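I opened my notebook to look up some aromatic residues. My entries follow the structure.

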Amino acid sequence: MTEDLTSADKASPAKVGPAAATQRGAIETRQITIDGQLLQVAIRHGDGSGPPLLLFNGIGANWELARPFLEALTNTTAIIFDVPGVGGSPRPAWPYRPSTLARLAADLVAELGHVEVDVAGVSWGGGIAQQFAHQFPKRCRRLVLAATAPGFTMVPAGPAVLWKMATPRRYTDKGYMKTVAADIYGGAFRDDPSLIGRHAAAMHGARSMGYFYQLLAMTGWTSLPWLWSLPQPTLILMGRDDPLVPPINGQIMASLIPNAELHMIDDGHLFMVTRPKETAGLIEAFLADDSRQAVSSSLLSRTTSYFRDLVPTSGDGRQKS
């Protein structure tokens, strides 16, 4: 594994290099090779009081699109990387599955010196976050799922929205992005054209083959068979006006994950970009809530509890006859 430091923000030299590690709120970027794959990694430095937050971005999205959210965090250290084939991470030699990315992320976290992380995923990245929590339950303390769904078994968006999402054109053609953003993302993008321009300005590096690999990775993948087994306290955030991932998907996941809470946000698909302070506040409050504990890690006990909850009970907890 190798590592090189690069500039995180040319306009802000104080955010770059080894000194950034001691500067709270700084965003540092590194190029790190994990298992032969070069990754563009960004680290938002917090106060070190809790596990870092590992963030999986949306499809075709370079890490810079998450900058508003990263800058809105107050105490939390956050780690985000460009998926191979997107942004500053070169395309892998072969297509991959969600389990491959989860393992790559786990190795990255270990390389950065962390045993345990909190995990968050946005949209497409929410699927990878679910996979990570399932695949590495002992490394994932808490789970945050934002504007996402349980894979191909989701309640889908309308055909017109899906058609506009089929190619990475919105990432490579900023003019096209401005014409379709409101239809795809909803919420604040419907009312404030300046948001579209700022979002488009931060986009770069989405390559056709890399985008195709991301689409291919999720083909046939679903978390529905095992969502009930996730032990982590889970926060599910959904936008009320989300054309891309209808809010009912959040309700489905919240009903299946045993230790989940659902919070609806009065915005669209990209509320982490349009309402970064609100979103960061909700997530940091959830991560800091010591009253939320993981459910039993025993598969037998979780199975027993799951089926026990399906049986109607009387007020004193006894099964109804």
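I looked up Y96 and found it buried, with a relative accessible area of 6%; buried means under 20% relative accessible area, exposed over 50%, and partly exposed in between, with a 1.4 Å probe and protein chains only. Y213 also counts as buried, at 8% relative accessibility.

I noted that this is a predicted model, in which local features need pLDDT of at least 70, side-chain atom pairs count only at pLDDT 80 or more, and totals for chains, interfaces and linings use all residues. Residues are numbered from 1 along each chain as its sequence is written, and side-chain values use heavy atoms, with hydrogens and water left out.

I then turned to ring pairs. The structure holds seven aromatic pairs (rings of Phe, Tyr and Trp, the last by its six-membered ring, pair if their centres lie within 6.5 Å; planes under 30 degrees apart count as stacked, over 60 as edge-to-face and the rest as tilted). Y96 and Y213 form an edge-to-face pair, with 6.3 Å centre to centre and 90 degrees between the planes. Y96 lies in the loop between β5 (78–81) and α2 (98–111) and Y213 in helix α8, so the pair ties together parts that are 117 residues apart in sequence. Helices (H or I, at least four residues) and strands (E, at least two) are DSSP runs, numbered from the N terminus.

Next I checked F132, which is buried at 1% relative accessibility, and F136, which is buried at 15%. I found that ring pairs link F56, F81, F132 and F136 into a cluster.

Last, I looked up F212 in helix α8 (residues 208–217). F212 is partly exposed, with a relative accessible area of 42%.
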